[in-house]
Amino acid sequence: MTRVLGWLAAAGLVIGLVMAFVIAPREVTQGHVQRIMYVHVPTAWVAYLAFAVVFVASIVYLARRSATADRLAHASAEVGVVFTGVTIASGSIWGKPTWGTWWTWDARLTSVAILFIMYLGYLLLRGMIDERERGARYAAVLGIIAALDIPLVHFSVYWWRTLHQPPSLMKPGGASTMPAPIVAALLVNLAAFTLLYAYFVARRTRLLARQQQALA
Amino acid sequence: MKRHAKFLIGGAVIAAALAYMIYAGVTQSVVYFVTPSELSAAPVTGKAYRLGGMVEKGSMRWEPRSLDLSFRLSDGKATIPVRHRGTPPDLFGEGRGAVVEGSWAGDGYFKATTILAKHSEDYQAPDPASAERHKEMIKTLSGDTR
C-alpha cells in the first residue's frame with residue numbers, strides 16, 4: 001500500500017515536472033523564473049497540510065492517549081519542517097531575481113520564519129524528553145498552540161502590507177484568471193507533492209512504531 | 001476527566017490570548033511600508049523609511065552611465081519623488097508596484113538605498129505573436145536556423 005503511494009508520488013512528480021517545464025508557458029512579465037512557483041506553492045501547501053495534521057493528531061492524542069495519533073503528529077511535524085525549509089529556500093531563490101532581494105521582514109516571510117522555528121522547537125522538545133508519555137503530552141500541547149500561526153501565515157498578505165503577493169489559487173471569492181496550462185501545471189504539482197507527503201508520513205509513522213516496539 | 005477538561009479550557013484561553021497579542025502587536029507596530037500619503041503627511045528628515053506605491057507612468061529617468069535613477073511613487077492620492085543610484089530589479093518599471101528603502105532627504109525627495117519590485121499574483125502566458133518571436137530568437141542564438 002505504502003509502496004503504491006510512493007510510485008504514485010514519483011509518477012506525479014515526473015508528470016508535474018513535464019507540466020511545469022513543457023506544458024506551462026513562459027510567464028509574460030517574469031519569464032522562465034516564474035516556473036519556481038510549481039515547486040514553491042506545492043511545498044508551502046504541504047507545510048500547511050502537515051502542521052494541520054499535527055494539530056488534529058495532537059487533539060486526538062490529548063483526548064484518547066492514542067499512541068498512533070502521537071506517532072502521526074511526530075511524523076507529520078518532521079515532514080512539515082522539511083517542506084517549510086524547501087518553501088523558504090525556493091521562495092528566496094525566486095525573490096532575488098524578481099523582488100530584488102533574498103529576504104525581507106514583511107509579514108508573510110516573518111510569519112513563515114516563526115512557523116519554521118516553532119516546529120523546529122517542537123521536534124527539539126520531543127527529542128529532549130526521554131519519558132515517552134510525558135514527551136508526547138507536552139508535544140501535543142505545543143502542536144496545538146503552534147498551529148495558530150498557520151492562518152496567520154495564510155492571511156498575512158491580506159491583513160498587512162507585504163512585499164509578498166497574495167495567493168494565486170486559494171484566494172477568497174475570486175476565480176483565477178490565469179491561463180489553463182498554468183493552473184493545470186500547478187494543480188498537478190499540488191497533487192504530486194501531497195502524495196509525496198502522504199508517502200513520507202506513512203513511511204515515518206511505521207518506522208516510529210517499530211522503534212517503539214523495539215524499545216518496549 | 002474533569003481535571004482534563006479544565007486543562008483544555010485553560011490551554012484554549014491562553015492560546016487565544018497569545019494569538020490576540022501577536023495579532024494586535026504586529027498590526028500596531030509592524031508596518032512593512034508607509035504609503036506616499038502617510039509619508040507626505042509627516043515626513044521626518046533623515047529617518048529611515050520603507051515606502052511603497054506604484055511607479056508613476058512617465059516619471060522614470062534612468063541614466064545607465066552614472067546609474068542615476070529617479071521616478072515618482074504614488075498611491076493615487078500623493079506622490080513622492082524618489083532618487084536612487086544603482087540598478088533596479090528586472091521587474092521594476094513604470095505602472096508597477098515597488099517598495100523602496102531609504103530616507104526622506106529633506107529637500108523634497110526620497111533618497112532610496114534599496115529598490116524592491118512587487119509583482120502580482122496573476123501569471124499570464126505571452127501572447128502567441130511574442131511567443132513565436134521568442135522561439136525565433138532562441139533558434140538564432142543556438143545557431144539552429146532551420
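**Cores and helices in a predicted model**

The largest nonpolar core in this predicted model has 55 residues. Within this core, the residues with the most contacts are Val46(A), Ala50(A), Phe51(A), Val54(A), Ala73(A) and Tyr197(A). Seven helices of chain A each supply at least two residues of the core: α1 (2-23), α2, α3 (67-98), α4 (107-128), α5 (132-146), α6 (149-159) and α7 (180-215). The largest share, 18 residues, comes from α2(A).

**The cores in more detail**

- Ala50(A) is one of the residues with the most contacts inside the largest core. Leaving aside residues up to four places away in sequence, Ala50(A) touches Ser76(A), Val79(A), Gly80(A), Phe83(A) and Tyr197(A).
- Tyr197(A), touched by Ala50(A), is also among the residues with the most contacts inside the largest core.

**Helix α2 of chain A**

- Helix α2(A) covers residues 37-64, which makes 28 residues. At 1.5 Å a residue the helix should span 40 Å, and its end C-alpha atoms are 40 Å apart, so the two values agree.
- Is α2(A) largely enclosed by the rest of the structure, or largely open? It is largely enclosed, because 22 of its 28 residues are buried.
- After α2(A) comes Arg65(A), which has a positive phi, near 55°.

**Chain A as a whole**

- Chain A has seven helices and zero strands. Along the sequence its pattern reads α-α-α-α-α-α-α.
- A compact globule of 216 residues would have a radius of gyration near 17 Å; chain A has 18 Å, which agrees.
- The C-alpha trace of chain A spans about 60 × 40 × 30 Å along its principal axes.
- Of the 216 residues in chain A, 43% count as buried.
- Among contacts in chain A with a separation of 6 or more, 78% are between residues 24 or more positions apart.

**Chain B and confidence**

- The domain assignment divides chain B into domain 1 (1-30) and domain 2 (36-117). The C-alpha centres of these two domains of chain B lie 41 Å apart.
- Chain B averages a pLDDT of 84, and 89% of its residues score at least 70.
- Where pLDDT is low, the predicted coordinates should not be read in detail.
- The model scores ipTM 0.82 and pTM 0.86.

How values were computed: Residues numbered from 1 in each chain as written. Chains lettered and ligands numbered in written order. Predicted model: local features only at pLDDT ≥ 70, side-chain atom pairs only at ≥ 80, totals over all residues. pLDDT = per-residue confidence, 0-100. Helix = DSSP H or I, 4+ residues; strand = E, 2+ residues; numbered from the N terminus. Expected span 1.5 Å × (residues − 1). Buried ≥ 20, exposed ≤ 12 C-beta atoms within 10 Å, placed from the backbone. Domains from an automatic or database assignment. Core = buried A, V, L, I, M, F, W, Y, C linked by C-beta atoms within 7 Å. Contact = placed C-beta atoms within 7 Å. Rg over C-alpha atoms; globule rule 2.2 N^0.38 Å.
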